[in-house]
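Grab a pencil and get ready for a few exercises on the structure below. Try each task yourself before you read its solution.

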Amino acid sequence: MNLKDVIQGINVLDINGELNIDIDNIQYDSRKVTEGTLFICIKGFTSDGHKYIQSAIEKGAKAFLVQEDINIEGYTFVKVEDTRKTMAKVADNFYNHPSKKFEVIGVTGTNGKTSITTFLNEILSSDYKKVGLIGTIKIFDGEKEVESNATTPESIDLQECFNTMVNNGCDYCAMEVSSHSLVLNRVDETEFKIGLFTNLTPDHLDFHKDLDDYRDAKEILFHKTTVANIINIDDNGGKQIYENIKNLKTPAYTYGIDNNADFMAKDIKIDAKGVSYRLITPTYEEDMFVPVPGKFTVYNTLAVIAACYMLNIPKEVVINGLGKTNGVAGRFETVPNDKEISVIVDYAHTPDALENILNTAKEFAKGKIITVFGCGGDRDTTKRPLMGDIAQKLSDTCIVTSDNPRTEDPVVIIDDILNGLDRDNKNYEVIIDRKEAIGHAISMANKNDVILIAGKGHENYQIIGKTKHHFDDKEIANEFLRNK
Ligand SMILES: CC(=O)N[C@H]1[C@@H](OP(=O)(O)OP(=O)(O)OC[C@H]2O[C@@H](n3ccc(=O)[nH]c3=O)[C@H](O)[C@@H]2O)O[C@H](CO)[C@@H](O)[C@@H]1O[C@H](C)C(=O)N[C@@H](C)C(=O)N[C@H](CCC(=O)O)C(=O)O
Ligand SMILES: Nc1ncnc2c1ncn2[C@@H]1O[C@H](COP(=O)(O)OP(=O)(O)OP(=O)(O)O)[C@@H](O)[C@H]1O
Ligand SMILES: N[C@H](CCC[C@H](N)C(=O)O)C(=O)O
Ligand SMILES: [Mg+2]
């Protein structure tokens with residue numbers, strides 16, 4: 001594509017060099033530059049893309065989008081105010097506005113995004129639609145699965161992914177939209193048909209100033225939609241967002257259990273097999289069963305039902321689809337065994353999620369509840385003591401261990417967790433090594449006990465320092481259960 005077309009519509013401050021050149025690739029990471037690339041220099045949190053101009057030239061970059069005054073003979077420099085923001089526009093131009101060519105459904109909120117996008121994918125696929133998926137567990141581009149490195153990819157990667165999905169004949173894309181992505185312009189220029197909001201509870205307060213700031217970030221999604229916004233009205237953050245967006249051109253709809261809503265669940269029953277409820281929509285009522293336990297499943301499925309309603313998916317497809325769902329990998333996933341112990345692997349990595357999952361386990365536990373959990377390193381530290389408190393109060397025994405320590409010392413992370421629990425109550429233990437901790441939980445469990453292994457869910461790795469080691473909670477639990 002001609003550079004003039006690539007930068008069409010952007011606010012240019014200055015140009016040095018020739019604009020009438022062909023661009024074959026756009027890239028924000030010098031390590032991925034190829035011949036004919038427009039390299040976008042981003043001033044980041046840890047590094048500065050402007051430092052890599054020389055190495056990008058060596059790899060074949062021809063043109064640069066910059067925030068500084070730079071002029072090198074034979075290359076083109078386009079200066080703009082904010083390269084990160086402009087990058088989204090450039091990416092949308094380069095891939096020819098792919099999000100407008102199919103139906104993108106965006107899901108935001110602290111918990112439930114992966115669960116909802118997975119359900120949506122399952123249901124829309126069963127209606128013979130081709131569905132792309134973007135989220136924490138994986139990316140599916142309509143033909144193949146690609147490893148996911150983030151919940152929401154960088155703008156260039158995102159627009160490239162949309163383009164591949166469109167070329168692969170996808171009708172829909174169900175995607176998770178993280179608060180980071182909304183603030184860091186990753187989803188700018190994306191046209192969402194539907195925006196869904198799940199809930200807002202403390203997380204990522206290392207990145208957002210406070211909970212209000214975090215909520216404002218989430219609200220951005222609902223200003224980018226064209227067909228419908230769907231909001232959990234039982235959630236305080238949801239209520240506030242609804243107030244702010246209810247009069248926008250795109251209509252807003254609500255779902256909930258406790259408050260009057262467009263999509264409601266009544267007569268809820270929850271047990272170890274799943275949830276059942278009476279579904280009330282604007283035009284029909286139905287008895288629902290979903291084989292995934294937890295009150296949060298009621299919320300997640302109401303959101304899915306509302307989205308499918310707005311997309312005119314036949315109600316039978318939605319109801320039957322949810323009734324047969326395989327659940328979501330690493331979300332309330334049980335590890336089958338012949339010891340009559342309920343071993344549950346779950347991705348609860350926030351105080352709210354941990355509380356919900358433990359309350360769900362409590363509703364059907366016939367024996368003791370043993371919780372194994374830790375907190376991730378290089379992430380929000382304020383959630384650590386809160387999770388310690390919740391795990392201790394809602395378990396008979398809790399084993400505090402490591403999650404992904406990343407570049408932090410696991411002992412320091414565990415200490416932060418211990419600051420939230422009552423050290424005089426000896427119902428907790430500390431075992432730094434996660435494998436050992438899981439083994440210990442299984443060795444101490446008796447028939448009818450519930451073991452909750454929380455925090456890592458589907459992850460099949462542990463990040464220590466900057467290295468990913470193979471590690472899979474389910475696999476390890478299985479190994480100990482076999483030998484018990
Ligand atoms: C805080 C944050 O989100 N940072 C993201 C951001 O990094 P950054 O802008 O600070 O980049 P930087 O490392 O300072 O580098 C600046 C520029 O130099 C470039 N560079 C750097 C080195 C080099 O050799 N050559 C080169 O060109 C980089 O590619 C970048 O363009 O842009 C990078 C490129 O897209 C991301 O990889 C990086 O995500 C980091 C790794 C991260 O951990 N992000 C997490 C917190 C995140 O995004 N999480 C959310 C939510 C998770 C959830 O709740 O589900 C997510 O959506 O995943
Ligand atoms: N609607 C919900 N409300 C509260 N907790 C939930 C909800 N749905 C799922 N959970 C809990 O949160 C955990 C994470 O769920 P899920 O992976 O769907 O969330 P997510 O929003 O995708 O998280 P992430 O920000 O890591 O991408 C689950 O393992 C479960 O314990
Ligand atoms: N998307 C979340 C996942 C956290 C999962 C947990 N296992 C951890 O490593 O903290 C994050 O990056 O904050
Ligand atoms: Mg997710």
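**Exercise 1: Around ligand 2**

With four residues, α11 gives the most to the shell around ligand 2. Keep in mind that this is a predicted model. Your task: work out which domains ligand 2 lies between.

*Solution.* Start with the shell: 22 residues surround ligand 2, and the closest are G112, K113, T114, F296 and A353. Next, look at the elements that give two or more residues to this shell, which are α4 (113-126), α9 (295-310) and α11 (351-364). Now bring in the domains. Domain 2 (98-323) and domain 3 (333-483) both give residues to the shell, so ligand 2 lies between these two. If you sort the shell by class, you get six nonpolar, 11 polar and five charged residues.

**Exercise 2: Around ligand 1**

Now find which domains ligand 1 lies between.

*Solution.* Here 21 residues surround the ligand, with G44, F45, A150, T151 and S178 the closest. Domain 1 (3-94) and domain 2 (98-323) both give residues to the shell around ligand 1, so it lies between them. By class, this shell has six nonpolar, 11 polar and four charged residues.

**Exercise 3: Two packed helices**

Are α3 and α5 roughly parallel or roughly antiparallel to each other?

*Solution.* First, get the angle: helix α3 (residues 83-94) and helix α5 (residues 155-167) pack at about 20 degrees, with their axes 8 Å apart. Angles under 35 degrees count as roughly parallel, so α3 and α5 are roughly parallel to each other. The crossing of α3 past α5 is right-handed. Finally, the contact is made by M87, A88, A91 and D92 of α3 together with S155, I156 and Q159 of α5.

Notes
Residues numbered from 1 in each chain as written. Chains lettered and ligands numbered in written order. Predicted model: local features only at pLDDT ≥ 70, side-chain atom pairs only at ≥ 80, totals over all residues. Near = placed C-beta within 6 Å. Nonpolar A, V, L, I, M, F, W, Y, C, P; charged D, E, K, R; others polar. Domains from an automatic or database assignment. Axes fitted to C-alpha atoms, helices over the stretch in contact; angles between N-to-C directions. Parallel < 35°, antiparallel > 145°, perpendicular 65-115°, else oblique. Left-handed = near helix turned anticlockwise from the far one by under 90°. Contact = placed C-beta atoms within 7 Å.
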